[in-house]
Amino acid sequence: MKEIKVAPIKNGTVIDHISCGMAFKVLKILGISDANVDSTVSVLMHVPSKKTEWKDIVKVEDKELEPIEVDKISLVAPDATINIIRNFEVVEKKTVELPDVAVGILKCGNPNCVTNSREPVRTEFVLKSRNPIQLSCSYCGRELENIVDHII
Amino acid sequence: MSQGFEGRDIISIHDFSRKEIEHILDVSKKMIPIAKGEAQDFSLKGKILSPIFFEPSTRTRLSFETAMNRLGGSVVGFSDPEITSLKKGETLADTIRMVESYSDVVVLRHPMEGAAKLAADFTEKPVINAGDGAGQHPTQTMLDLFTIWMEKGAIDEKNVVLVGDLKYGRTVHSLACALAKFGANLTFVAPEVLQMPKEIIDYVQEQGVSYSQSDNLEKAIESADVLYVTRIQGERFPDPAEYQKVVGTYRVDNELLKGAGKDIIVMHPLPRVDEIHPDVDGTPHAVYFKQAFNGVPVRMALLALILGVVK
């Protein structure tokens, strides 16, 4: 297999094993657009993978992820790994983990759910199944459809 | 009992185990003479209940207030959101924080799903859900179970037919789940467009009880112990002609009931429009007014349990 020709990063985060086609969703979660980044962002799509045949990879220089960002990524790429790079070395490698309860990261799809009103409340979803991912709102009980579209 | 009742919120019927519901039914039975005014018990003297009703209600609000008064407690609340601070733009969270400083228990009806859980998040006082949008109405389910238990002596193995708007009716969803938990055999009768939602069917299946779906009421009631009728709401239908066709199909009258067993009971959460002919009212089958009365002893039991005067 050919080596991937993307330069290693000095400091930052490599998000590997992203489900194929989900790289742009990951960028959206990280709030990255061309207007607001000062460092290099590399996006590799449809890369051969030993585990799953194809995968996406996102490399973000000079950024380490917040726990809430890792939780959100787990919803679109449940098999992703997060590699923290400092001075060209991988200093930490972890797999994302779907939280049993997702707080404040998703919007309920039920327009009549109280969490979609102006009440001072954070949304809460309980994980009902990991594969496929199924989440239900702790407030109205509605199961969330199109999870990716409801990430806050 | 897995956890005590004192101080507990009553948000969803799913929060209660079968054993806990059975305990509530036992306590409710003991409350009947007090609910009828034949005996006196003022064990909630000095306690205040706040009914906070953001939507109209007759039976639920009156039966909660009667329950509190029968046990010697007081009621301070509102049932017209037009005159409250809600109209000035106050959030439910703020309303609840204000009300909790005035009372010992809050009873909430609200048009949005999840409102009761939100209210419970913002107060240490127990919150009772009296209906949140198309969501839960657990005390209605408890009084329905109580009515079947009182009239039939048991719930297990009873053949219960649910007819009407099974798709949108909030009472039938909670009731179907609770009946399944108690091991009743269920038949869902509705036109296909108003049949029971998949998640309720899935839950019923998980409980391992037998169930069937049909659009033929006449056949379904042949071996039924209980016929639970709900109102089909015209506003659910985009086409009024379609509504008229459906609503006439499931009218319960004495002619229809001739095809049922002589001990069948007919229930309805009320208000009815014309799903049940008034001629049925005078027959032994009609228990819907008794069912409405049962709201009082059941709510007395719940208030006594969560306010800690009954264990």
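Good morning. Over all chains, this structure holds 17 salt bridges, a salt bridge being a side-chain nitrogen of Lys or Arg within 4 Å of a carboxyl oxygen of Asp or Glu. The model is a predicted one, in which local features need pLDDT of at least 70 and side-chain atom pairs count only at pLDDT 80 or more, while totals for chains, interfaces and linings use all residues. Residues are numbered from 1 along each chain as its sequence is written, chains are lettered from A and ligands numbered from 1 in the order in which they are written, and side-chain values use heavy atoms, with hydrogens and water left out.

Let me begin with one salt bridge. The side chains of B:Glu22 and B:Arg18 meet at 3.0 Å, N to O. Both residues belong to helix H1 (residues 18-35) of chain B, four residues apart, about one turn of the helix. Helices (H or I, at least four residues) and strands (E, at least two) are DSSP runs, numbered from the N terminus.

I turn now to the sheets of chain B. Four strands form an open, parallel sheet in the order E2-E1-E3-E4; two strands pair if DSSP finds at least two bridges between them. At its edges are strand E2 (74-75) and strand E4 (127-132) of chain B, each pairing on one side only. Strands E1 (residues 48-53) and E3 (residues 105-110) of chain B are joined in parallel by five bridges, and B:Phe53 has B:Arg109 as its bridge partner in E3(B).

A second open sheet of chain B, also with parallel pairing, has five strands in the order E7-E6-E5-E8-E9. Strand E7 (211-214) and strand E9 (265-267) of chain B each have a single partner strand, so one side of each is left without a neighbour in the sheet. Strand E6 (residues 185-189) of chain B runs parallel to E7(B), with four bridges between them. Within that pair, B:Leu186 stands opposite B:Tyr211.

Finally, how do the two chains meet? Here 14 residues of chain A are in contact with 16 residues of chain B, contact meaning heavy atoms within 4.5 Å. The area buried between them is about 1200 Å², with carbon and sulfur atoms giving 56%; buried area is the accessible area (1.4 Å probe) that two parts lose on being put together, summed over both. How many salt bridges does the rule find across the interface of chain A and chain B? The rule finds zero there. Thank you.
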